[in-house]
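Work through the exercises below with the sequence and the structure in view. Try each task before reading its solution.

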Amino acid sequence: MKNLLKIALVITFALALVGCGGDNTSSGDNEYGCEVLNVYNWGEYIGEDVISNFEDEFNVSVNYSLFDSNEAMYTKVLGGTHYDVLVPSDYMIERMIDEDLLQPIDKSVITNMDLLYEGTLNKPYDMDNTYSIPYFWGNVGIVYDKTIVDPSDVESQEWEVLRNPKYAGQIYMYDSERDSFMVALKALGYSMNTTNEDEINEAYDWLVELQQTMAPAYATDEAIDGLIYGEKAMGVMYSGDAAYILSENENMAFYAPEKMGTNYWNDAMVIPKNADCPGLANEFINYILTYEASYDNTITVGYASANAEVFEEMGAAGGYYEGNPAFTPRAQNEKDEVFSNNEEVRELISELWIKVKNS
Amino acid sequence: MKRLKGLPSKLWLILLLAFMYLPIIYVVIFSFNDSRSLTHFTGFSLEWYEKMLDNSTMMESIYYTVVIAIIATVVSTIVGTITAIGLSKSRRAMKETITQINNLPMLNPEIVTAIGLMLFFTALNMRLGFMTLLLAHIIFCIPYVILSIMPKLRQLDDNLFEAALDLGCTPFKALYKVIIPQIKPGIISGALIAFTMSFDDFVISYFVTGPGINNISTMVYTSVKRINPSVNALSTIIVLAITIILVIVNIVPMIKERKKKKNEELA
Amino acid sequence: MKSFRRLVYPYLLWAIVFIVLPMLMIVFYAFTTEGNSVMTINFTLDNFFRFFSDSIFINVLIRSLKLAIITTIICIFIGYPSAYFMAKLKPNSQGLMVLLITLPMWINMLVRTYAWRGLLLESGLSPEIKVYIGMIYNFLPFMILQIYTSLSKLDQSLITAAHDLGCDNKMAFLKVTLPLSIPGIISGITLVFLPAVSSFFIPKLLGGGSYVLVGNLVENYFVTTGDWNFGSAISLIMTIVILISMYFTRKFDYSKEDR
């Protein structure tokens, strides 16, 4: 036991020394007044060399931190942690703008603005992109096994296929109140941003019936593996994840309901009010828009890039994701919507969702 | 007779170890998988090890996890032992109070402790980062240490201590020579549990840490979004490192002893 | 001897600052509602009414308690013999076993649970049984460690004395060893039961997602919904229920000691 303690102490000191050595990467003064940029992004959401290339080019160091949900990120920021760049989703950006947590992007620094894909700009959460610059985007749709599920069923019934008793016990429902209610509201022909309580209650009944007749498995990321290996035949998926499933299992197909419509989502880069280094943050955002960084991001992560050239190249003939319908989501469909932020509805849905799962 | 009786008990322990290590072996196997899957093995590759080594955030997270766990364990074990000894001599009301307070962090859903500490640190105007992370780990580790030591102290025979005093020991010498050796198993298990808790903590760490300070758990929880077997590779490395340390700790003294014996025989 | 009492005071202060104060903030949240401005604080019991007026929340609490109780009981039944046999090994092997039992826990809980998910994928077991396997796997080492601690270095002369007084092995165990190890069992129960009530990653991953527990509920209200007030109230209700039950466990423990 004593030996163990000794070894432990030696390791600590050794590591502490290494750590101290590593921290002293200051590069003296620069035009931004700071050498460290604090980036807060989703886990597994950046290209392998993007950070190191940025560090080399600007001679700064990046502190890279990760979050796993918009809400966890929001709680952290609200709790007083200072970050320089965040990558929240649409509705969260809207909320943060409403709550005055963001500062405007310095457009004079963002020289790569014209590289962006048109379809990702000027969305309702931030009408003229004052506060946010798109990062990744996509739709939500149904991934299904062509050998088990009849494609014509999916295309004719759209979201209702999730309640088709033929496929009972075969489906993954997305384990998040926001996405599940989106599916239900869209299936009923309502807006997914409805504030009408009757419509929401109807959606609740829709989901309860699904729970009772279809015995779905509620999953988020576990479903990716499950669909690749055919544990279930169908599931609600984000397009980027669907693209990965399709590339791993050729029996799988993806369909984003057109007539009923679906969620068009956008994750975008923003700078919080309490950022320590906004100057460098703007440079970072501009850097991400470049072809090299966007390409690296999209190749590594598999989501559709906001860089027009990268996005079109990937899906086109000879591209990395050629013929993969999930990789090329659509940005213009009348029935598609972007999530907006509404606090009361959020609470109501949250409580109803617990009831759905317990019904 | 003793031999015969030992057999079922050995078998039980072997089964227990098999149960404990089954998932670990599974984790190791899937770190060599050539696809992202964590449930279907499709072929051998070292891809995930390369990915892990390339991922500087992940490599840093190992450093922070180990350093925090070791410091938190050492501090909480010392503080916990001292407090437990004091507590064993305290009045029942005090015992009851501290025990109940200590139960709180174990009992509260982690998110509650996490938010509570985050708000508390920010209210004190402390900048969230390495220090707050370490402090939080010490805070939630101490109760585990106290909890592990208390039963051992209650088994303790007070007369032993009195006898040591009668034989001329100062109270603190008696403490060191008599009480500590008696409660040592409790201290060790307390330290092990503290280390484990610190090593494996996600929720609290996540909310009290600052930019750029990630631990292994943060890496794991945020990578689940897109299943990443690099996490398995990382776990495999941990298993390997622990095994090596274990071998050193257990084998080296044995070799030394053998040498000693040989020398004695020669002399 | 009594001078050692003073050793408690620094920690008492520490615990008040770092455990009680943050906890008070949570209590404060539980008795207020959102939208309360800082200037006019209105204390309210709304959050508690909301909890008790809906059977769903009560069911979730009961389900969580049931899961934790069954997990704890099974852990005792597997853990006690394990610890007992460990304490009978040679001293060197004992140390090794303690480490071998602890080590799997240094692999991240989520990683281990994913491994179980893969292992049990084609087992055909019901989700409920899978959840129990995962829970027991995760908490068993704590139980073993605590019971083992109370059994190791047990004064062997006591057992010898029992034998001399005509006890057979079984009697000696029931009259001497078992009572002496009760404090260890109680520590074990604390270490397993308390975190088990609020655990939710394991049930979520192994139980197919439709398994709502108090842990999910609180996490959901704190993070996803951002309703810290109701989240705090749920947590507080759970805390009180458990503290009461723990109080009775310890009362039982003390009453034995006082005799």
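Predicted model: local features only at pLDDT ≥ 70, side-chain atom pairs only at ≥ 80, totals over all residues.

**Exercise 1.** Describe the side of chain C that touches chain B.

Solution. Start with the residue counts: chain C puts 74 residues into the contact, and chain B puts in 71 residues. Next, find the elements of chain C that give two or more residues to this side; among them are α3 (55–87), α8 (169–197) and α11 (228–258). Then find the main contributor: α1(C) gives the most, with 12 residues.

**Exercise 2.** Locate the two domains of chain A and describe the contact between them.

Solution. Domain 1 of chain A covers 32–136 + 266–315, and domain 2 covers 138–264 + 331–358. Their C-alpha centres are 28 Å apart. The contact draws 16 residues from domain 1 and 11 residues from domain 2. On the domain 1 side, helix α4 (residues 90–98) of chain A supplies the largest share, 5 residues. By class, that side holds 7 nonpolar, 4 polar and 5 charged residues.

**Exercise 3.** Which residues of helix α10 of chain B are buried, and what do they pack against?

Solution. Take the test for burial first: 20 or more other C-beta atoms within 10 Å of the residue's own. In helix α10 (residues 216–223) of chain B, 8 of 8 residues are buried. They include B:Ile216, B:Met219, B:Val220 and B:Tyr221. Now look for their partners. Within chain B, the buried residues pack against α3, α8, α9 and α11. They also pack against β2 (61–67) of chain A and α5 of chain C.

Key:
Residues numbered from 1 in each chain as written. Chains lettered and ligands numbered in written order. Contact = placed C-beta atoms within 7 Å. Helix = DSSP H or I, 4+ residues; strand = E, 2+ residues; numbered from the N terminus. Domains from an automatic or database assignment. Nonpolar A, V, L, I, M, F, W, Y, C, P; charged D, E, K, R; others polar. Buried ≥ 20, exposed ≤ 12 C-beta atoms within 10 Å, placed from the backbone.
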